[in-house]
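Biologist: Please take a close look at the salt bridges for me, and walk me through what surrounds them. I would like every cut-off spelled out as you go.

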Amino acid sequence: MLPTASPARNPSAAAQFANGFRLAARGLGMWARRPKLMLLGAIPALITLILFVVGWVFLLANIGDLSTWATGWAGDWSEGWKTTMEVIAGLAIVGVGALLTFLTYTAVTMIVGDPFYESISGEVEKLCGGVNGEVEIKFWAGIGRSVVEAVRLLMRTLVVALFLFVAGFIPFVGQTVIPVIGALVAGWFFTVSIVAVPFTRRGVDYTGRRKRLAQNRPLAVGFGTAYVLLFLIPGGAVLATPAAVAGGTLLAREIFGEPAVTMATNSGQPGRPPAQMPGHPHSHQGYAQPGQSQRPPYSSNR
């Protein structure tokens with residue numbers, strides 16, 4: 001009697017989180033595959049970055065007045081405690097500003113560079129084998145979708161930012177734990193925004209996208225957090241944004257159970273798709289190949 005294979009287990013949350021970082025790194029690899037296309041995608045990111053730099057110069061120039069205004073309730077306290085509260089308020093304002101900047105920067109950049117990012121995402125889809133039943137995304141419809149989703153995302157972000165701002169006043173916790181939570185939250189919202197194009201291409205709207213990502217939350221948070229860290233590097237946002245679009249397309253394919261491995265030859269042209277396993281609609285990394293053990297794909301309840 002042949003031994004029966006043990007049932008496949010879903011990857012742990014830690015494994016999914018790490019896989020999110022791996023997909024983010026593969027998105028950066030598109031700079032080597034399609035440098036000219038990625039450079040075009042960096043132009044809208046650079047324009048948006050300049051606008052946000054001006055905003056940050058204004059914020060930092062007035063941080064003292066803003067901190068004093070935010071701690072007006074401590075006006076009767078002793079000078080030492082009042083100064084301490086103003087410093088904490090200043091740090092909280094900067095932290096919330098960083099969160100809002102990261103999220104609104106992504107949303108604004110996606111609006112400005114929508115045609116470029118459609119092309120980058122489409123190129124990744126082509127390299128991975130294409131999309132069955134692809135829904136055509138018209139230019140103005142895509143712009144309108146980006147604006148509406150940016151507003152919806154901003155409203156959710158403001159609620160979270162308010163909570164983080166208040167929590168920032170908690171001694172020690174506000175300066176250690178809260179920034180980590182903020183980075184993870186920013187990673188989640190970033191992923192929700194950056195995968196809009198490949199999900200829309202599959203006929204999935206904003207609400208459906210959030211649900212599908214929620215089924216794979218550690219994967220989505222890991223992917224977004226990787227780019228949050230890259231954005232902290234000066235100039236990183238310009239280079240990372242087009243890479244995030246490429247990586248987000250790979251993430252979408254992973255979630256939908258589609259091949260997420262580029263099938264390009266050394267010449268850079270699309271190659272022949274790998275042979276499919278009998279009984280499997282797709283054979284790629286995450287599905288069993290001859291002589292390999294099977295790893296189940298992520299949740300993909302279509």
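This is a predicted model: local features need pLDDT of at least 70, side-chain atom pairs count only at pLDDT 80 or more; totals for chains, interfaces and linings use all residues.

Modeller: Happy to! A residue is called buried when its relative accessible area is under 20%, exposed when it is over 50%, and partly exposed in between, with a 1.4 Å probe and protein chains only. Residues are numbered from 1 along each chain as its sequence is written, and side-chain values use heavy atoms, with hydrogens and water left out.

First, the setting. The protein has twelve helices and zero strands; helices are DSSP runs of H or I with at least four residues, strands are E runs of at least two, and both are numbered from the N terminus. Of its 302 residues, 46% count as buried. Contact means heavy atoms within 4.5 Å, and among contacts with a separation of 6 or more, 78% join residues 24 or more positions apart.

Now to the charged pairs. Side chains of opposite charge can pair when their charged atoms come close. A salt bridge here is a side-chain nitrogen of Lys or Arg within 4 Å of a carboxyl oxygen of Asp or Glu, and a search of the whole structure finds nine of them.

Beyond its neighbours within four places in sequence, glutamate 125 touches Gly130, Val131, Pro198, Arg201, Arg202, Thr249 and Arg253.

Two of those arginines are its salt-bridge partners. With arginine 201, the N to O distance is 3.1 Å. Because arginine 201 belongs to helix α9 and glutamate 125 to helix α6, this pair ties together parts that are 76 residues apart in sequence. Arginine 201 is itself buried, at a relative accessible area of 4%.

With arginine 253, the closest N and O atoms are 2.5 Å apart. Here glutamate 125 in helix α6 meets arginine 253 in helix α12, so the parts tied together are 128 residues apart in sequence. Arginine 253 is buried too, with a relative accessible area of 1%. These side chains belong to a network of salt bridges that links Glu118, Glu125, Glu134, Arg201, Arg202, Arg253 and Glu258.

Arginine 34 lies in the loop between α2 (30-33) and α3 (35-61), so the bridge to glutamate 123 in α6 joins parts that are 89 residues apart in sequence. Both glutamate 123 and arginine 34 are buried.

The axes of helix α11 (residues 217-231) and helix α12 (residues 236-255) come within 10 Å and cross at roughly 170 degrees. Axes are lines fitted to C-alpha atoms, for helices over the stretch in contact, and angles run from 0 to 180 degrees between N-to-C directions. The two helices are therefore roughly antiparallel, a label used for angles over 145 degrees. Their contact includes Phe223 and Tyr227 of α11 and Ala240 and Leu251 of α12.

Methods:
Angles under 35 degrees count as roughly parallel, over 145 as roughly antiparallel, 65 to 115 as roughly perpendicular and the rest as oblique.
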